[in-house]
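Visitor: I have a model to look through with you. Could you take me around it?

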Amino acid sequence: MVAYMEHKDLANEVISRERAGQIRDGVHRVQEQIALAEAAAGRPKGSVQLLAATKTRDVAEIMAAIDAGIRFIGENRPQEVSAKAEGLERQCFERGLVWNPLDAEDGEGVTMHLIGQLQSNKISKIIDPVDTVESVDSLSLAQKLSRRMDARDQYVNVYLEVNESGEEAKSGCLPQEAEELAYQLAAMPGLKLRGLMTVGAHVDDERVIRAGFAHLRQLRDAIRSSGEPGTDQCSELSMGMTGDLALAIAEGSTLVRVGTAIFGERAFI
Ligand SMILES: *Cc1c(COP(=O)(O)O)cnc(C)c1O
């Protein structure tokens, strides 16, 4: 049990108009930053999706973001997924939004990604609400997910998480292992390899941050053009957060994961 979950009711569905307005403004500000960064990089408008990173936020805060236009939400912890999924699904339904649409067009539905570490004993908590697991970083986790999905005759979308910065506290596989691991995941039943994910280096030097993002893009290009079984849909690059989203977009990000710039500082880690 994570300590802050005892302080805050994550299933709460009521917030003030003022708080909802802050969140709406945050979403719109980030959408503008994305549009500017797309233009600066010479990329088409709309080529970068915005995922709201919703750890420590309750159902009402997340619905305010959805009402402001968010269609992708990213949770870190299986316990939080369990606490919020029912309320989110019901509230989306009440608004006529499809929850976790498999083949819906953009804007028709809300999709939940898991962006935090997944222990294999928590797989059952996330398997129904989560559409995409962005944080697959080992062969053993991939095998467990694969077996579970295959036994249900279903599949889950996965990204391979790569620790581009090599910082020890971070999850993600080593960059030099990534390509081989991607080929193994891509060939597994019950998994669809959709892309790669990384967390930018925690440093001030922009060149170092950009180099990590650029390397992830090169890896994606190599994997997608490899001709290995199951790699042809490996197109997404999930990179860029509040502090480094413009750099990530300049290096080809297709999905930025933003928490603080939408919701404000987190009261709990
Ligand atoms: C919290 C988190 C984010 C968002 O971070 P902010 O700096 O608040 O935008 C993105 N990705 C992951 C994996 C996270 O844990």
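Predicted model: local features only at pLDDT ≥ 70, side-chain atom pairs only at ≥ 80, totals over all residues.

Visitor: In which hand does α2 pass α3?

Guide: Residues are numbered from 1 along each chain as its sequence is written, and side-chain values use heavy atoms, leaving out hydrogens and water. Helices are DSSP runs (H or I, at least four residues), numbered from the N terminus. A crossing is right-handed if the near helix is turned clockwise from the far one by less than a right angle, and the crossing of α2 and α3 is right-handed.

Visitor: Which residues of α2 make the contact?

Guide: Contact means heavy atoms within 4.5 Å. On the α3 side are Lys84, Gly87, Leu88, Gln91 and Cys92. From α2 come Val59, Ile62, Met63 and Ile66.

Visitor: How far from an oxygen atom of the ligand does a polar side-chain atom of Thr242 lie?

Guide: A polar contact is a pair of N or O atoms within 3.5 Å. Asn76 places a polar side-chain atom 2.8 Å from a ligand oxygen. For Thr242, the distance is 2.5 Å.

Note on methods
Polar contact = N/O pair within 3.5 Å; in protein donor to acceptor, adjacent residues only side chain to side chain. Helix = DSSP H or I, 4+ residues; strand = E, 2+ residues; numbered from the N terminus.
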